[in-house]
Amino acid sequence: MSHFKNHKGYSRMFKENHLTIGLSIPLETYKGSMPEMNLKEQMRLAKLADDLDFAALMVRDIPLLDPSFRDVGQMYDPWVYLGYLAAHTKNIALVTASVITSFQHPLNLAKSAASLDKISGGRLVLGLATGDRDVEFEAFQVDENKRAEYFREACLVMKDIWSKEFPKILTERVNMTGSTDMIPKPEIGDIPIMVTSFSGQTLEWIAEHSDGWFGYSHSPEQQKRFTDEYRERAGQFKPYAQILSLQLLKEPNAPREQIFMGTQTGRNALIDELNILKESGVNHVYLNLKSSERPMDEMMEELAEYVLPHFKTIEE
């Protein structure tokens, strides 16, 4: 993983025995499932996150609206929106958690990712997933039983085409004979790929082929077992990141109460919880502030003043 020391996004987020903090897009609080995502306000807050030295901004890839899911989340095409974010920010890492591999051709994925990484100055951290909504597989007419296979194909094709000139690649959906190439290439010939959950793969495959792992919250003991086994199989440090839904209360000493996929708490108990995650082997946490009831910039400034000093973004 040493070559990622020269990748701006990865090196800003990840360091062994260290935890950094990012924010989940959209940067707004809202009731129900549909955000407003006013672009002027979103870019104002994205710039603020950059200025306050949060490590990363994370966008989701949700191809189609499925009313049975409780939250629409980031509604725009991730590549278009990340390009817009890249133009309005300078240093903050830009992260997908995660782009769906099942509905895009591997060469299109490779081109989009390399273009965004180049445009942003090497700030893309590429989370990938298979997709898990039956209605989307039906709409795209993709065989859901092949999603794990398509995931492996996408990962391996992208790594090859980013690092080699005029590569020879033969898979089910790709036939490059050495007579064509993809441009632009990433600045360091690679982009960090993070596998989301298991994406239909074994832990052995993830440890060998990923550059990091996006997961969900577990008990501290279970989390430590996951991350230790992952790194033992990888034979080196590879980062683990997760999302945390946060209702940040105004009272600093408010106790922690568990909510769906996260916590309701004041900042002091939040610091304690993040320290437990750090000790469990987690290297980055995306905070989703959607369900809070306070102004977004007020919460961001409080987090930057009181919480980020305990979990500093890594300096170049």
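These legends describe close-up views of a predicted model.

**View 1. The largest pocket.**
This pocket has a volume of about 1,100 Å³. It is lined by 37 residues, and the closest to its centre are R60, R133, Y216, I243 and M261. The largest share comes from β9, with five residues. Sorted by class, the lining holds 15 nonpolar, 13 polar and nine charged residues.

**View 2. The second largest pocket.**
Here the volume is about 280 Å³. The lining counts 18 residues, with S217, H218, R256, E273 and L277 closest to the pocket centre. At least two lining residues come from each of α8 (220-234), β9, β10 (257-259) and α9 (267-279). Helix α9 gives the most, five residues. Seven lining residues are nonpolar, eight are polar and three are charged.

**View 3. An aromatic pair, W213 and F226.**
A pair of aromatic rings is described by two things, the distance of the centres and the angle of the planes. The whole structure has eleven aromatic pairs. In the pair of W213 and F226, the ring centres are 6.0 Å apart and the planes stand at 80°, so the pair is edge-to-face. The cut-off for this label is an angle over 60 degrees. W213 sits in strand β8 and F226 in helix α8, so the pair links distant parts of the chain, 13 residues apart. F226, at 22%, counts as partly exposed. The cut-off for buried is under 20%.

**View 4. The ring cluster.**
Which residues do ring pairs link into a cluster? They are F198, W213, F226, Y230 and Y240.

**View 5. Strand β8 and its partner.**
Both faces of β8 are covered. G212 and F214 are buried on one side, and W213 and G215 are buried on the other. Strand β7 (residues 193-196) pairs with β8 in the parallel sense, over three bridges. In this pairing, V195 of the model stands opposite W213 in β8.

**View 6. Arginines over tyrosine rings.**
Two examples are shown here. R173 lies over the face of Y150, at 4.0 Å from the ring centre. R267 lies over the face of Y306, at 3.6 Å from the ring centre.

**View 7**
Rolling a probe the size of a water molecule over the atoms shows where empty space is left. How many cavities of 30 Å³ or more does the count give? The count comes to two. The largest cavity holds about 40 Å³ of space. Its lining is made of I62, L64, L65, D66, F69, D71, V72 and R133. Five of these residues are nonpolar and three are charged, with no polar residue.

**View 8. The second largest cavity.**
This cavity has a volume of about 40 Å³. L23, S24, P26, L27, E28, L287, N288, L289, K290 and M296 line it. By class, the lining residues are six nonpolar, two polar and two charged.

Note on methods: Residues are numbered from 1 along each chain as its sequence is written. This is a predicted model: local features need pLDDT of at least 70, side-chain atom pairs count only at pLDDT 80 or more; totals for chains, interfaces and linings use all residues. Side-chain values use heavy atoms; hydrogens and water are left out. On a 1 Å grid over the protein atoms alone, a cavity is a set of points where a 1.4 Å probe fits but cannot get out, and a pocket is an open set with protein on both sides within 12 Å along at least five of seven lines; lining residues have an atom within 4 Å of a point. Grid points are joined across faces, edges and corners, and a volume is the space filled by probe spheres set on the points. Helices (H or I, at least four residues) and strands (E, at least two) are DSSP runs, numbered from the N terminus. Ala, Val, Leu, Ile, Met, Phe, Trp, Tyr, Cys and Pro count as nonpolar, Asp, Glu, Lys and Arg as charged, and the others, Gly among them, as polar. Rings of Phe, Tyr and Trp (its six-membered ring) pair if their centres lie within 6.5 Å; planes under 30 degrees apart count as stacked, over 60 as edge-to-face and the rest as tilted. Buried means under 20% relative accessible area, exposed over 50%, partly exposed in between (1.4 Å probe, protein chains only). A charge sits over a ring if NZ of Lys or CZ of Arg is within 6 Å of the ring centre and within 35 degrees of the ring normal. Two strands pair if DSSP finds at least two bridges between them.
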